[in-house]
Amino acid sequence: IKPGHMLVQIREAAMEGTFIMASDMPQILGELSEEDLRGARSYLDRLSVVDVALRAAEMGVVAMHDPTEGGVIGAAAEMGRGARLRVRLHRDRVLVGALTEKICAGAAIDPLKLLSSGTLLAAADNELAEALMNEFPGESSIIGTFEEGGPGALVVDGGRAEFHSEPPEDEIYRVWRAWASQRTSSA
């Protein structure tokens with residue numbers, strides 16, 4: 001990975017975390033319909049990125065990461081550290097599905113810091129980044145750029161920026177602690 005390479009996201013973020021919350025602890029998610037819960041539980045079938053990764057490799061990406069713990073921000077920080085570069089990650093460009101947004105809002109958590117198996121991050125030059133966008137239309141986005149600077153991820157959100165030299169704690173742990181506390185207090 002070199003300065004100027006793009007960070008491309010393929011498939012939406014936080015599907016794994018959304019699936020886990022809907023499957024294991026739906027009572028803390030607020031008012032969700034059975035249809036929403038079924039939809040979130042169906043994410044289980046979308047958590048493998050093998051097919052997408054094989055195609056991206058065939059196309060010539062220089063590096064890939066399957067974001068798991070710490071979500072998209074965690075994976076971007078790890079890629080930046082591995083390359084000894086900073087990734088400027090634009091929060092508003094990260095693909096998050098409407099159902100995940102709804103569930104994360106109900107649980108008051110950040111979908112960019114939530115388990116994200118099913119998503120693939122790939123580093124590529126400008127031309128290849130555009131080719132990936134064409135290869136995966138509607139499910140890909142150029143979400144960042146690799147640049148010189150302290151290794152990690154600089155998450156830019158409007159006029160605010162938050163730097164992560166290490167992956168953040170995954171939001172699923174915060175949700176799990178709240179769920180466990182709720183279960184203990186009702187027992």
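The model is predicted: local features need pLDDT of at least 70, side-chain atom pairs count only at pLDDT 80 or more, and totals for chains, interfaces and linings use all residues. Residues are numbered from 1 along each chain as its sequence is written, and side-chain values use heavy atoms, with hydrogens and water left out.

**Helix α3**

Select residues 50–59, which form helix α3; helices (H or I, at least four residues) and strands (E, at least two) are DSSP runs, numbered from the N terminus. Within α3, colour Val 52, Ala 53, Ala 56 and Met 59, which are buried (under 20% relative accessible area; exposed is over 50% and partly exposed in between, with a 1.4 Å probe and protein chains only). Then display β1 (6–10), β2 (63–65), β4 (120–124) and α6 (126–135), which are included in what covers the buried residues of α3.

**Glu 147**

Move to strand β5 (residues 140–147), where Glu 147 is placed. Glu 147 is buried, its relative accessible area being 17%. Show the side chain of Arg 86, with which the Glu 147 side chain makes a polar contact of 2.8 Å (a pair of N or O atoms within 3.5 Å; within protein, one must be able to donate a hydrogen and the other to accept it, and residues adjacent in sequence count only if both atoms are side-chain atoms). Finally, show Arg 88, whose side chain is joined to that of Glu 147 by a polar contact of 3.2 Å.

Notes
Contact means heavy atoms within 4.5 Å.
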